[in-house]
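The following account leads the reader through the structure shown below, from domain organisation to local backbone geometry and helix packing.

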Amino acid sequence: MPHRSIADKRRWRLVAYSAAVLVLLPLLVLVLSWGSLDMAIWTHLLHTQMARLLSNTLILTLGVTTGVVLLGVSLAWLTSMCEFPGRRWLDWALMLPFAIPAYVLAFVMIGLLDFAGPLQTLLRGWLGSDFRMWSIRSTGGVILVLVLVFYPYVYMLARGAFLAQGRGLMDAARVLGHTPWQAFWRVALPMARPAIGAGAALAVMETLADFGAVSVFNYDTFTTAIYKTWYGFLSLQTATQLASLLLLFVLVALYAERRAQGSKRFPGADRPRQGALYRLSGIRAWLAFGFCLLVLGIAFIIPVLQLLYWLISSGKTDFDSRYWSIIRNTLLLGCVAALATVTVALLLVLARRLQPLRRVRSAVALANLGYALPGSVLAVGIMFAFSFADNQLLIPLRTWLGAENPAPWLLGSLFALLLAYLIRFMAVASGPLDTSLARIRPALPEAAHSLGHTGFSVLWRIYLPLLLPGILSAALLVFVDVLKEMPATLLMRPFGWDTLAVRIYGLTAEGDWPRAALPALSLVLAGLLPVIVLIRRSAQRPG
Amino acid sequence: MSVFSKAAVIGLALSTVGGLAQAKELVVYSSRQDHLIKPVFDLYQEKTGTEIKFITDSEAPLMARLKAEGANTPADLLITVDAGNLWQAEQQDLLREVKSDVIEANIPQQYRSADDKWTGLSLRARTIAYSTERVDPATLSTYEALADSEWQGRLCLRTAKKVYNQSLTATMIETLGAEPTAKVLQGWVDNLATPVFPDDTALLQSIAAGQCDVGIVNTYYFGRLEVANPEIPVALFWPNQKDRGVHVNISGAGVTRYAKHPEEAIAFLEWLTTEEAQRVFADVNQEFPANESIEPSQEVASWGDFKADTVNIEVAGRRQAEAIMMMDRVGWH
C-alpha cells in the first residue's frame, strides 16, 4: 500500500509546516526588527548594563533550574515510590502551587517577609528594633519564589515517569545487589531523565520570559531590559532586537538539551506498578512527611492565608456586578484556549512521530518557541501581523463592500487573543503529549496496520485512546497557564473582556497589593480544580 | 463560491449594518487604571447617554497599538499618566490638535501641550516623605540635599524604571544641568538604606517600619495609606520652596489623530476639565485637580499649600532617554 502512505506522509508534513509558519509569522517581526540599529541605546546598553543583566539572568536561570530539579524530583520520588503518613493527599496537594501565578507569590512573599512585613515587625518587637534578618528582596529571594511556583512542572512529569516505571526493573536492580539509593541513581533516575529534562525546560523558559515576579523584586534580567528599552526609551525596535537575542539563546539551550537527551525513550511497563516500593517508618516517615508539608506550606498554604487575610482586612468593596463577568471571561478564555492549543499540539506531536524527518522535527521544535518569549513581545508580534492584515486586506475589502469606517476586525478580536495563547502555550501542551506518545510502542500501530487499518483509523482507534491521559494533562496545564497569563491578555483583549489577571495588573500597578487579594484568590481558586483533577487522574492511570 | 466564502461575505455585510445602527459612543485607550477612570466614565454616560468603551494597559503597548492601527484605529481618546508619555504620543503623531476655549480657560498652560495636542487633567506632586519619629522636618530643605552625607543609609527610593522618577530626573537636568544632576543622583544612590522598591506604597511602609527615614514619593500613595491608617508615623514635606518648587506631574488625555468620533471626544475632554468631572477624577486617587479654580479634597488640602515647579512639563518627555541613561550610569536601577 505505498500510494496511501505517501499521501499520509505529505499530509503530516503539511500539518507540521503550517503550524510552524503560524508561530513564526509573529516571530518574523523580531527578525525584521534588525533593519537598523539605534546606536545610542545599544552603546549605552552594552557599556553600562549588559554585563550585569547577563550575569543576573544566568544566576537566576541556574538557581531556578537547580531548585526545581532538586525539589521536583525529590518530592516526586517520595510521593510515587514511598509510603508514609499523609502521602495520599500530599501526592496531589503538592501540585497546588501551580495554581499560583509567579507575580502573586512574589508580592505575597515580599508583603510577608520584608522589613515592614508582619514577621520582621514581630521579631523586632521581641528582639529589639535593631534586629535584622536576611532580606527577601535579594537574588536568593527571587530564586526561592520562582522555584516554588515552577517546581510543579518537574514534579508532575517526574512523578508520571516514576509511576510508569515497572516495579520489575527496580526489583531487578535490588536483586543484583544495589541499595535503594544505587537503584535510584542507576535505574530510576536515568529512565526518568527525559521527563525531568522536559519539566526543567518548561521552568527555564518560564523563568526567562518572566516579567511580573522579577519586577516585584526589582531584579534586572534580560527580560526586564527588554521592557525597559520599550517602556523607557520607547524604542520598540531595540526591544524586539533584544527579544530575538533571548530567543536565540533559548533555541541553543533547547537544542543542547535535546542533544544531551539523545534518542533515549523508555516505553512504560506493561503493567504500571501498584502500591509503594518503599514503606518508610519511624523517623524517616515523619521526615518525609515534614519535608512535603514544609514545601506545601511555604508555596501554597501560607500565601493563600495571607491573601485571605488581606481580603478580609481590606473589605470586599471591589466585588461588584462586573466581577462575575470577569470570572466568566477568564474561565471561558481558559477553556477555549486549552481546546485549541491541545488540538494543534496533538497534530504536531503526531506529525513528528509519523514523519520522523529532520525537517518535520525542526518545524515542530520551532512551533514550541513561543513559550520562551516574554508575553508582551509575542503579543506585539501578533499585533503587527494582525493589524497588517486588517489595514491591507480586510478593511479595504469591507470598505469596498460598503462599510463606513470599518474598525479593525482581527486586532482586538477574540480570535487574535486565542491565537496568542495558542502560540505562547504550545510548548506546555506538547510536553505531556510527547511523554504519552513515547510510551506507545511502535509495535501497536504496526500491528493495526498489518490488520488492514488505514492512517485515520489507526489514529482514532490506537493513538487517541492511548493518548487520552496526556491530552487531559496538556489541556489542564494550558488552562491554568492561560488563567495566569497577563501581558498578551492586556494588549489583545477585546473591549470589555477583562480577566482576573487584568484586574490584578490594574491594582498592583498602583502598588495596591492587598486590594489585589480578591482577584488573586479567585484566580488561585479557579486554577485549583483543574490541578486536582490533573494529579488525581494521573495517579489512577500514569499519563 | 464555497460555503465558507459565502458565510464570510454575509458576515462582513452584517457587521457593516451593525456599524450604522450604533448610537453615541466613545472608545478610550487608557493607561490610567480601571478603578480610577470607570467612575468618571459612568458619570458621563449617565449624564449624556454616551457609551464609553475602553481598554487599559501600559502606555507603551497602547501607543504601539494606536500606531499599528493607524488610520483605522477605533480609539478616540488616549488617557495616560505622566507628561513624558503624553509628549511621546504627540511626537509619534498619535494625537490631534484640539483648540478649545473651555480647556484653555480651565487648565493652566504649563500643564498643556504647546501645540494643543493634549491636556493635563489631574496633578500629583512627587515630594519628600519623612518619618515623624526620627526626622525633624527643619533638617529637610531640597531634593538635592538628600544627597548629603547626613542622609547616609537613611534614604529610600523607588525603582528608576518608574516613569515618575525619570520625569523628576528630567526636570532636574533641565533646571540644574546634567553634571550637577548626576552628582545629586549619585549621592542619593550612595545614601540608600536598602535596594530600591518596586512601588511607592512599599517605600512608605518601610519608612513607617523604620527601615529608612526619608524617601521620594507621589502624594496620592501617601494619601491612600493615611486614610487606611491615620496614625501612620510618616508626613509629607514640600521641598525647594525657596527656589524652583515641588516637582509636579500630571495625568492627562488627548484626542487621537484618527478619532472616529472627534466631536464627542472633544466634548468629553472639555467636560473632563470642568468642576463636576475634575472632582471625581482627582478625588478617586487623592490628586490635585488640574483646574486650579477647584479646591482639592479635604484630605489632599490637609497636606498644606506649596509652590510647584513651573518648568514646562513637556521636558519630562524630551529628556526622558537622557534621564534613564544617567540613572543607569549612577547605578539607580
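**Domains, interface and helix packing**

In this predicted model, chain B is divided into domain 1, comprising 24-122 + 250-295, and domain 2, comprising 124-247 + 307-330. The C-alpha centres of domain 1 of chain B and domain 2 of chain B are 27 Å apart. Where these domains meet, 15 residues of domain 1 of chain B are in contact with 17 residues of domain 2 of chain B. On the domain 1 side, α4(B) provides the largest share, namely five residues. By class, that side of domain 1 has five nonpolar, eight polar and two charged residues.

The loop that lies between β3 (77-81) and α4 of chain B contains B:D82. This residue, which is not a glycine, has a positive phi near 80°. B:D82 counts as buried because it has 24 C-beta neighbours inside 10 Å, and the threshold for burial is 20 or more. B:D116, however, is partly exposed, because 17 other C-beta atoms lie within 10 Å.

Attention now turns to α14(B). The buried residues of this helix are B:Q320, B:A321, B:A323, B:I324, B:M326, B:M327 and B:V330. They pack against four helices of chain B, α4 (83-91), α6 (163-176), α7 (178-191) and α13 (315-318). Just after α14(B), B:G331 adopts a positive phi of about 85°.

The next subject is the contact between the chains. Chain B contributes 47 residues to this contact and chain A contributes 46 residues. On the side of chain B that touches chain A, at least two residues each are supplied by α1 (3-21), α2 (34-48), β2 (51-56), α3 (59-69), α8 (200-209) and α14 (320-330) of chain B. With seven residues, α8(B) gives the most to that side. The residues of the side of chain B that touches chain A divide into 19 nonpolar, 17 polar and eleven charged.

Within chain A, two helix pairs involving α6(A) may be considered in turn. Helix α4 (residues 102-113) of chain A packs with helix α6 (residues 139-164) of chain A at an angle of about 140°, and their axes are 9 Å apart. The two helices are therefore oblique to each other, since only angles over 145 degrees count as roughly antiparallel. The crossing of α4(A) and α6(A) is right-handed. In this contact, A:A102, A:L105, A:A106 and A:M109 of α4(A) meet A:V145, A:L146, A:L148 and A:V149 of α6(A). By class, the contact has eight nonpolar, no polar and no charged residues.

The other pair joins α6(A) with helix α2 (residues 39-81) of chain A: the axes of these helices come within 6 Å and cross at roughly 40°. That angle makes α2(A) oblique to α6(A), because roughly parallel applies to angles under 35 degrees. The crossing of α2(A) with α6(A) is right-handed. The residues of the contact of α2(A) with α6(A) divide into 23 nonpolar, six polar and one charged.

How values were computed: Residues are numbered from 1 along each chain as its sequence is written. Chains are lettered from A and ligands numbered from 1 in the order in which they are written. This is a predicted model: local features need pLDDT of at least 70, side-chain atom pairs count only at pLDDT 80 or more; totals for chains, interfaces and linings use all residues. Axes are lines fitted to C-alpha atoms, for helices over the stretch in contact, and angles run from 0 to 180 degrees between N-to-C directions. Angles under 35 degrees count as roughly parallel, over 145 as roughly antiparallel, 65 to 115 as roughly perpendicular and the rest as oblique. A crossing is left-handed if the near helix is turned anticlockwise from the far one by less than a right angle, and right-handed if clockwise. Two residues are in contact if their C-beta atoms, placed from the backbone, lie within 7 Å. Ala, Val, Leu, Ile, Met, Phe, Trp, Tyr, Cys and Pro count as nonpolar, Asp, Glu, Lys and Arg as charged, and the others, Gly among them, as polar. A residue is buried if 20 or more other C-beta atoms lie within 10 Å of its own, exposed if 12 or fewer, and partly exposed in between; C-beta atoms are placed from the backbone. Domain bounds come from an automatic or database domain assignment.
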